[in-house]
Amino acid sequence: MRDHVAASGTRTARANGPLGKGAQRTFWRDMARSFRRNPAGMVGLILVLVFLVAAAWGEVATPAGTNRTHLASRLRAPSAQHLLGTDGQGRDILNRVLAGAPLALAVGVLSVAGGALIGCTLGLIAGYYQGKVGAVIMRVVDALLAFPTLLLALAIMATLGAGLTNVMIAVGFSTLPRFARMMQAEVLTISGREFVTAARSIGAPVRAILVRHVLPNALSSVLVMATLYVSTAILAEATLDFLGLGPQPPTPSWGSMINDGSSVLQLAPWVVLFPGLAITLTVLGFSLVGDGLRDALDTRLRER
Amino acid sequence: MNQIVARLAQAVLTVFGALTIVFFILHLTPGDPVQIMLGDYATPELISALRQHYGLDRPLPVQYVTFLKNTVTGNFGMSLSQKSDVTVVIRSAMSYTVELAIAAMIVTCVIGIPLGMIAALKRNTAADFAAMVIALLGVATPGFLLALLMIYLLSYRLGWFPVQGAGSGGLGSNLHHLILPAVALGFESSALVARTTRSALLAVLGEDYIRTARAKGLSSRAVVQTHALRPALVPILAVLGLYFGQLLGGAGIAEIVFGRPGLGKLLIDAILVRDYPLSQALIFVFLVAVIGVNFVTDTLYGFADPRLRWS
């Protein structure tokens, strides 16, 4: 009961105490306050912000020679001149890691937004209409889920060809069935609850039940999953790049930098380590924010 | 019983649907497999002869029907790139991937479920924090990076494990070669399972009947064992079922990085060189495995949470 009333955001209450006089308590303000109190979530937020700054930096301030080969300074260990060392072609790894950030951001956010939007709509419909419509949607989703993410992405890449936009389409499409499945499971659970039965018994139209009662209660799971899937998308992109299907060289994508480094792993582990660290920290940031959002959105946890 | 039969029928339909998707994705791909196969030696006569030989000159619907017929009878034809019978190629690599998948699943469950339970039951303590840091690092680290770092540290530096290959055939040697790939593959999924276990258990622990159970004086252990764990198992089973597919896809990466033969590596190579007969047959094998596992997990939901038997 609690969440769908609160989540609609239409009912607010004057708060007394810590918020001070006149501040209005809404669901989203409470959530933000709860999120700020979560240290792990805040660490995640900082990591995400650092990543966004790096992406902006990489987009506008990459030095001209970032992708130029300097054979004389091959495989230099990290030093004052090259903070993260140089790769097998003498290129500065720090500059290339920064230049790779906007690519990761574009793939992560755009592909998941597309996958979540279409997937959740399908899941919502399939979960509520459990008859033929639901069965047909879920069988198609199952058929798509039967593909390992990477396999589906690879098959699509084979159709579309290598490149950044195609990686985004492939990654977004491969997250779609997962959103649909999660949403359908959420709807199955929620639509069995008393308040949905109550809404149905007073004759509320299906659309209103889905939008006002079911969706807000499933929202925390969608937000958490979307945040988590931004990281999955960045990982999937890195993997496709690692296999040589991403943007063509010398574009500095993190996955292809690791692929380059794997051949000199024994001599120069930093070539693999630093782009890898960039992936790990970015993914970690989005995961922590996802966790923080989950706790902040769940009023039952918040009350404790 | 009727439900199980109905689910089985649905599973078969799913395999059919997925095969249809596979066929069309692969055949609508721009680029001529024969041209790619022949490379620089391609002459128009040679291309048309080979196209005829493999049936690629026939209309798409005819190829589709032939494809379905051959799949049902297990006649997958000759591999374009390996110049050998597809069934033979797959059989030679199958055992390596089965070994790897089972080992990685064991790693997943052994690390993931206890880690998630500790985190949920000791919420907001140092144990929760440590468990979730491990889980988060597992989720955040790409499998191929973990694999490369383990190779650098444990193989190059310390010399504990072999760098490449799948072993000489003896049990000890095979296991020795299996450990690093299984950990690289399973660690990622164990982190996912740990997160799911934590959130599932936390969600159940917030339910009213748990409060009732506590109120009537049950010990924490009894509350968790009798009331919380079973409903929490449903999402965990779902993730394990879903992850099996991811694991098969990821197996290819582990196989490539560790230089192991296997179905995943074979499939990635087959897709890259557009070896249709081989990739279609491999996808069929993967699909049957994944859909079979999903069928089993779907059936297990009912045992874990009897309320779902009637939903």
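Which residue with a positive phi follows H9(B)? The residue is B:Gly217, and its phi is near 95 degrees. This is a predicted model, in which local features need pLDDT of at least 70, side-chain atom pairs count only at pLDDT 80 or more, and totals for chains, interfaces and linings use all residues. Residues are numbered from 1 along each chain as its sequence is written, while chains are lettered from A and ligands numbered from 1 in the order in which they are written.

Helix H9 of chain B covers residues 208-215, and because zero of its eight residues are buried, it lies largely in the open. Here, buried means that 20 or more other C-beta atoms, placed from the backbone, lie within 10 Å of the residue's own.

Chain A has 12 helices and two strands, taken as DSSP runs (H or I, at least four residues, for helices; E, at least two, for strands) and numbered from the N terminus. Of its 304 residues, 53% are buried.

A helix pair in chain A is worth a friendly look. Helix H4 (residues 93-128) of chain A packs against helix H9 (residues 206-242) of chain A at an angle of about 145 degrees, with the axes 8 Å apart. Axes are lines fitted to C-alpha atoms, for helices over the stretch in contact, and angles run from 0 to 180 degrees between N-to-C directions. Among the residues that meet are A:Ala104 and A:Val107 in H4(A), and A:Val222 and A:Ala226 in H9(A); contact requires C-beta atoms, placed from the backbone, within 7 Å.

Methods: A residue is buried if 20 or more other C-beta atoms lie within 10 Å of its own, exposed if 12 or fewer, and partly exposed in between; C-beta atoms are placed from the backbone. Two residues are in contact if their C-beta atoms, placed from the backbone, lie within 7 Å.
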